[in-house]
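Please read these comments with the model open.

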Amino acid sequence: MLAKIFLELTEFSWFRRIAWKPIYNHLAKKFPFEDWVFMNYGFEPDDPSTRPQLLENDEPDRYPLQLYHFLATQTEVAGKQMLEVGSGRGGGASYIARYLKPAEIIGMDIADNAVEFANKRHQSPNLRYVAGNAENIPFEDGRFDVVINVESSHAYGSVANFFAEVKRVLRPGGYFVITDMRDPKNLPAFEETLLGSGLHLVGKKVISPNVVKAIELEDDLKRARISRQVPARYVKMIEEFGGVKGSQIDKNLRSGSLVYFWYVLKK
Ligand SMILES: C[S@@+](CC[C@H](N)C(=O)[O-])C[C@H]1O[C@@H](n2cnc3c(N)ncnc32)[C@H](O)[C@@H]1O
């Protein structure tokens, strides 16, 4: 019942603005586990032979990491200046920094505790994390070649403000890659706002089947990790939040009442 009321309230921008920051701050403080570095539902490619080769240490995070890999490789990032908006516990920006070799990637998140966790947990010479709001990005105009955004935009008060900020901090010719999910009834308005920003569409894809596949493949590992780390009274809640097989997210993606997508745009 409470979860249903919460979800209904997230339709309102004022509620999203006040609700998500304390939730992600609380999660970072309450569960400071070193090996929990991603907070997305993952991705498995149609052709498994295209999976990235990973170091042994990164194998347990294969599926959430693949969401970053396949989105980031929609454009050239090697040697570029990159910004991640909504970097969470930092695993995605760390993967990009180490494997895809941008000149620099800065992960930015509104939850200060998550930023503090990420700065302690991930080290690479071309990587750092800062606190900041997607609707008011703390960088100068034209600072970045690529902006990446993973499973975060649903939490913003105004995606129109966010897209305007992305356009401002991108250099001319720079790329914006975004992946997230929406109720299909809200997708046309989302796309209209995205294209209304003045960024030019390069490509788009519905990836719900790839996310559902990842949820399935990661399930045993995810459940084992949660039951090992989380006190028994929180297990059900974190399993729902983490999107185990049979969770509401999993059901909604399977039924089509939620659509997971990515877009690639150019300034
Ligand atoms: C589901 S998590 C995804 C984190 C990360 N992208 C990943 O895939 O592991 C969403 C993240 O967006 C962040 N976020 C929410 N609202 C934000 C805002 N207005 N500005 C910046 N980050 C925000 C949250 O604090 C959270 O870390």
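1. Basis. The model is predicted, so local features are limited to pLDDT of at least 70 and side-chain atom pairs to pLDDT 80 or more, while totals for chains, interfaces and linings use all residues. Residue numbers start from 1 along each chain as its sequence is written. Helices (H or I, at least four residues) and strands (E, at least two) are DSSP runs, numbered from the N terminus.

2. Ligand shell. The ligand is surrounded by 23 residues, a residue being near it if its C-beta atom, placed from the backbone, lies within 6 Å. The closest are Tyr 24, Asn 40, Gly 86, Gly 88 and Ser 152. Two or more residues of the shell come from each of α2 (13–30) and α4 (91–100).

3. Shell composition. By class, the shell has 12 nonpolar, eight polar and three charged residues. Here Ala, Val, Leu, Ile, Met, Phe, Trp, Tyr, Cys and Pro count as nonpolar, Asp, Glu, Lys and Arg as charged, and the others, Gly among them, as polar.

4. Helices α3 and α4. The axes of α3 (residues 62–72) and α4 come within 9 Å and cross at roughly 55 degrees. Axes are lines fitted to C-alpha atoms, for helices over the stretch in contact, and angles run from 0 to 180 degrees between N-to-C directions. The angle makes α3 oblique to α4 (under 35 degrees is roughly parallel, over 145 roughly antiparallel, 65 to 115 roughly perpendicular, and the rest oblique).

5. Their contact. Pro 64, Leu 65, Tyr 68 and Ala 72 of α3 meet Gly 91, Gly 92, Tyr 95, Ile 96 and Leu 100 of α4, with contact meaning C-beta atoms, placed from the backbone, within 7 Å. The residues of this contact divide into seven nonpolar, two polar and no charged.

6. Burial of α3. In α3, 10 of its 11 residues are buried, that is, 20 or more other C-beta atoms lie within 10 Å of their own, with C-beta atoms placed from the backbone. What covers the buried residues includes α4, β4 (144–150), β5 (170–182), α8 (208–229) and β7 (259–266).

7. Helices α6 and α7. Helix α6 (residues 159–169) packs on α7 (residues 187–196) at an angle of about 30 degrees, the axes being 9 Å apart. This makes α6 roughly parallel to α7. Val 159, Ala 160 and Phe 163 of α6 meet Phe 190, Thr 193 and Leu 194 of α7.

Notes:
Contact = placed C-beta atoms within 7 Å. Buried ≥ 20, exposed ≤ 12 C-beta atoms within 10 Å, placed from the backbone.
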